[in-house]
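Here is a short briefing for a first look at a protein chain. Keep the sequence and the 3D view open while reading.

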Amino acid sequence: MKTEIRTVQQNLEAHLKAASSGKALGDSIRIHQVADPVDMTREAADRDVAVQILDRESKLVRRLRLAMDRVKDGSYGLCLQCEDEIAPKRLKAIPWAELCIHCQEEADNLVSHRVRMLDSEHWTEAA
Ligand SMILES: [Zn+2]
């Protein structure tokens, strides 16, 4: 069990390292100053994409940090919702998973249900 946790920690650290490589990207945004005004629009578009990537990465970094905290306090691998064990196969695929597959599906269903609700409201309004 102890070695397993060590493996999990190494795995999370590896993911964290990969996700934090966005820092290098952030540096390149700053270094890449615009000299030619004609290129400015394209540069801005490039920067938007980079910012989006950074945003996504920082969310992943946060989830990875939380997962590492859970490894430390011993709650890693337990669903935050129902406190059941998250399937090892799922943790292998998503080491930072917070929910078991059932709760995740429920959460996903809730979101798509809300989307459907919004859709039907929209149709009622249109009619
Ligand atoms: Zn659950």
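Glycine 74 is found in the loop between H3 and H4. Helices (H or I, at least four residues) and strands (E, at least two) are DSSP runs, numbered from the N terminus. This is a predicted model: local features need pLDDT of at least 70, side-chain atom pairs count only at pLDDT 80 or more, and totals for chains, interfaces and linings use all residues. Residues are numbered from 1 along each chain as its sequence is written.

**Glycine 74**

- Glycine 74 is exposed because it has 9 other C-beta atoms within 10 Å.
- A residue is buried if 20 or more other C-beta atoms lie within 10 Å of its own, exposed if 12 or fewer, and partly exposed in between, with C-beta atoms placed from the backbone.
- Glycine 74 and isoleucine 5 are 69 residues apart in sequence, yet their C-alpha atoms are 9.4 Å apart in space.

**Other residues of the loop**

- Tyrosine 76 also has its place in the loop between H3 and H4.
- Tyrosine 76 counts as buried because it has 21 C-beta neighbours inside 10 Å.
- Not counting residues up to four places away in sequence, tyrosine 76 touches Val8, Ala67, Arg70 and Val71. Two residues are in contact if their C-beta atoms, placed from the backbone, lie within 7 Å.
- Tyrosine 76 and proline 95 are 19 residues apart along the chain, and 9.5 Å separates their C-alpha atoms.
- Glycine 77 sits in the loop between helix H3 (40-73) and helix H4 (88-93).
- Glycine 77 counts as buried, since 21 C-beta neighbours lie inside 10 Å.
- Its neighbours within four places in sequence aside, glycine 77 is in contact with Glu85, Ile86 and Leu91.
- From glycine 77 to proline 95 it is 18 residues in sequence and 8.6 Å in space, C-alpha to C-alpha.
- Glutamate 83 lies in the loop between H3 and H4 as well.
- Glutamate 83 counts as exposed because it has 10 C-beta neighbours inside 10 Å.
- Glutamate 83 has a positive phi of about 65°, although it is not a glycine. Most residues other than glycine have a negative phi.

**Helices and overall layout**

- The chain has 5 helices and 0 strands.
- H3 has 34 residues and reaches 49 Å from its first C-alpha to its last. That is close to the 50 Å expected at 1.5 Å a residue, where the expected span is 1.5 Å times one less than the number of residues.
- Of the 127 residues of the chain, 9% count as buried.
- Among contacts with a separation of 6 or more, 54% join residues 24 or more positions apart.

**Nonpolar core**

- The largest nonpolar core has 10 residues: Leu12, Ala19, Leu64, Ala67, Tyr76, Cys79, Ile86, Trp96, Ala97 and Cys100.
- Helix H1 (2-20) and H3 each supply at least two residues of this core.
- A nonpolar core is a set of buried Ala, Val, Leu, Ile, Met, Phe, Trp, Tyr and Cys residues joined through C-beta atoms within 7 Å.
- Leucine 64 is in contact with Leu12, His15, Leu16, Ala19 and Trp96, leaving aside its neighbours within four places in sequence.

**Confidence**

- The chain averages a pLDDT (the predictor's confidence in each residue, from 0 to 100) of 83, and 79% of the residues score at least 70.
- Confidence is lowest in helix H2 (residues 22-31), at a mean of 54, and highest in H4, at 93.
- Where pLDDT is low, the predicted coordinates should not be read in detail.
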